[in-house]
Amino acid sequence: MTAPYIVRIDNAGGADADLLGGKGASLARLTDAGLRVPPGFVVSTQAYRHAVLDGIRDQLDAAVAAVPAHASSDEMDAACARVRALVAAVELDEAVAESIHEAYLALGDDVAVAVRSSSAVEDSVEHSFAGEHDTYLWVRGVDEVIARVLDCWASMFTTRAMEYRRKAGLSGGGDAMAVVVQEMVEARAAGVFMTLDPENGDRSKIAVEAIWGLGEPLVSGTATPDSFKIDKVTGEVVHRSVVDKPIEMVRAEHGTGTATVEVAADRRETQSLTEDELAELLRLARIVEKHFGCPQDGEFAIKQGGGADSVYLVQSRPETVWSHRSVEKASTGATLMDSILSHLVPDRDAK
């Protein structure tokens with residue numbers, strides 16, 4: 001039986017990362033667990049394999065092979081750009097395009113969505129591509145969704161993603177990319193959580209970081225977050241750091257795309273998460289860790305209006321920092337996201 005081009009997140013039927021990509025498979029499992037996940041669908045790896053690998057495999061393999069292993073940054077960027085251009089120029093056949101069109105219309109009339117890359121080998125215990133592939137926020141209209149799907153496919157071949165694959169011993173062109181399309185959460189605040197203490201691996205705590213607005217500035221390392229540590233047993237917030245947050249990423253005024261704006265003076269040093277929201281994140285973190293059977297790091301968004309019922313999970317992946325080293329070695333990352341990202345790419349800072 002041929003694998004489908006589209007899989008609804010709430011009706012994945014146990015499909016795994018080979019079809020949904022790591023992110024899509026995780027979201028499907030979170031939904032199966034009854035957790036609050038924005039509705040949406042996955043453009044499966046089967047669609048990628050049909051449109052890209054069956055269509056331009058020879059040109060793609062040749063272009064990937066031509067990317068120099070030892071070259072200047074400019075040479076690497078130019079070579080990878082040529083690979084991405086091949087993928088971005090693919091013309092979808094009617095079956096794939098119509099499948100995406102129908103799935104998007106099923107979400108609503110001109111609904112705003114996030115379009116997020118979901119590689120088949122990402123977000124496992126062994127590999128995490130967090131921040132390596134593309135995400136597009138506040139996308140509207142089926143033509144724009146299809147264009148962003150192609151961009152997500154092409155982001156398999158950014159310089160950073162290609163370098164990661166080489167260092168991790170993965171095939172440069174043999175991977176497959178799914179794409180998650182989900183309704184946007186108009187976030188008052190957003191952030192990341194880890195179901196252990198990233199400084200020492202202590203599994204009796206969870207760590208949370210949050211900023212105003214959308215979470216992309218935190219994930220990209222351009223914003224300093226509020227940070228919290230919460231005791232899993234007592235629920236006590238044992239560490240709290242509330243910082244100046246001068247900017248936030250929000251929906252652009254015209255309704256599509258994003259804009260970075262200044263935070264009002266009376267909010268800059270206000271705590272980004274309420275006590276109820278912290279308690280809900282603790283509850284969700286416990287469930288997520290138990291459901292997946294190992295420590296997790298994840299992402300969340302708090303819908304405008306706030307409160308416990310407004311906390312949405314938008315990602316969870318196996319924790320990859322402490323699973324590969326002894327608990328005696330403590331992280332010296334300045335933030336939770338620093339600690340996560342500093343271990344994603346082997347020898348990232350090596351010359």
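Two residues are in contact when heavy atoms lie within 4.5 Å of each other. By that criterion, and setting aside residues up to four places away in sequence, V180 touches I9, K23, G24, L27, F41, V42, A114, V115, R116 and S118. The structure is a predicted model, in which local features need pLDDT of at least 70, side-chain atom pairs count only at pLDDT 80 or more, and totals for chains, interfaces and linings use all residues. Residues are numbered from 1 along each chain as its sequence is written, and side-chain values use heavy atoms, with hydrogens and water left out.

The chain has nine helices and 13 strands. Helices (H or I, at least four residues) and strands (E, at least two) are DSSP runs, numbered from the N terminus. Of the 351 residues of the chain, 53% count as buried. Buried means under 20% relative accessible area, exposed means over 50%, and partly exposed covers the range in between (1.4 Å probe, protein chains only). The chain exposes about 15400 Å², and carbon and sulfur atoms supply 48% of that area. Accessible areas come from the Shrake-Rupley method with a 1.4 Å probe, and for residues only the protein chains shown count as cover. Among contacts between residues at least 6 apart in sequence, 69% join residues at least 24 apart.

V180 lies in strand β5 (residues 177-183), and it counts as buried because its relative accessibility is 0%. The C-alpha atoms of V180 and S118 are separated by 6.5 Å, although the two residues are 62 residues apart along the chain.

Strand β6 (residues 187-194) holds A190 and also R188. A190 counts as buried because its relative accessibility is 2%. Not counting residues up to four places away in sequence, A190 touches E209, A210, I211, G213, L214, G215, F300 and A301. Leaving aside neighbours within four places in sequence, R188 is in contact with W212, G213, R267, S272, L273, E277, I302, K303, Q304, G306 and G307.

One of those partners, E277, is among the buried residues of helix α8. Helix α8 (residues 275-292) has 18 residues and reaches 26 Å from its first C-alpha to its last, close to the 26 Å expected at 1.5 Å a residue. The expected span of a helix is 1.5 Å times one less than its number of residues. The buried residues of α8 are E277, L278, E280, L281, L282, L284, A285, V288, E289 and F292. Just after α8, G293 takes a positive phi of about 80°.

Not counting residues up to four places away in sequence, R29 touches H291 and F292. R29 and V288 are 259 residues apart in sequence and 9.5 Å apart in space, C-alpha to C-alpha. R29 counts as partly exposed because its relative accessibility is 37%.

Helix α1 (residues 17-32) packs against helix α2 (residues 45-65) at an angle of about 115°, with their axes 8 Å apart. Axes are lines fitted to C-alpha atoms, for helices over the stretch in contact, and angles run from 0 to 180 degrees between N-to-C directions. The two helices, α1 and α2, are therefore roughly perpendicular to each other, a term that covers angles of 65 to 115 degrees. On the α1 side the contact is made by A17, D18, L19 and G21, and on the α2 side by T45, Q46 and R49. These residues divide into two nonpolar, three polar and two charged. Ala, Val, Leu, Ile, Met, Phe, Trp, Tyr, Cys and Pro count as nonpolar, Asp, Glu, Lys and Arg as charged, and the others, Gly among them, as polar.

Two backbone positions remain. D110 has a phi near 55°, a positive value in a residue other than glycine. D110 sits in the loop between α4 (94-107) and β3 (113-119), and counts as partly exposed because its relative accessibility is 40%. W138 has a positive phi of about 55° although it is not a glycine. W138 lies in strand β4 (residues 135-139) and counts as buried because its relative accessibility is 6%.

Key. Parallel < 35°, antiparallel > 145°, perpendicular 65-115°, else oblique.
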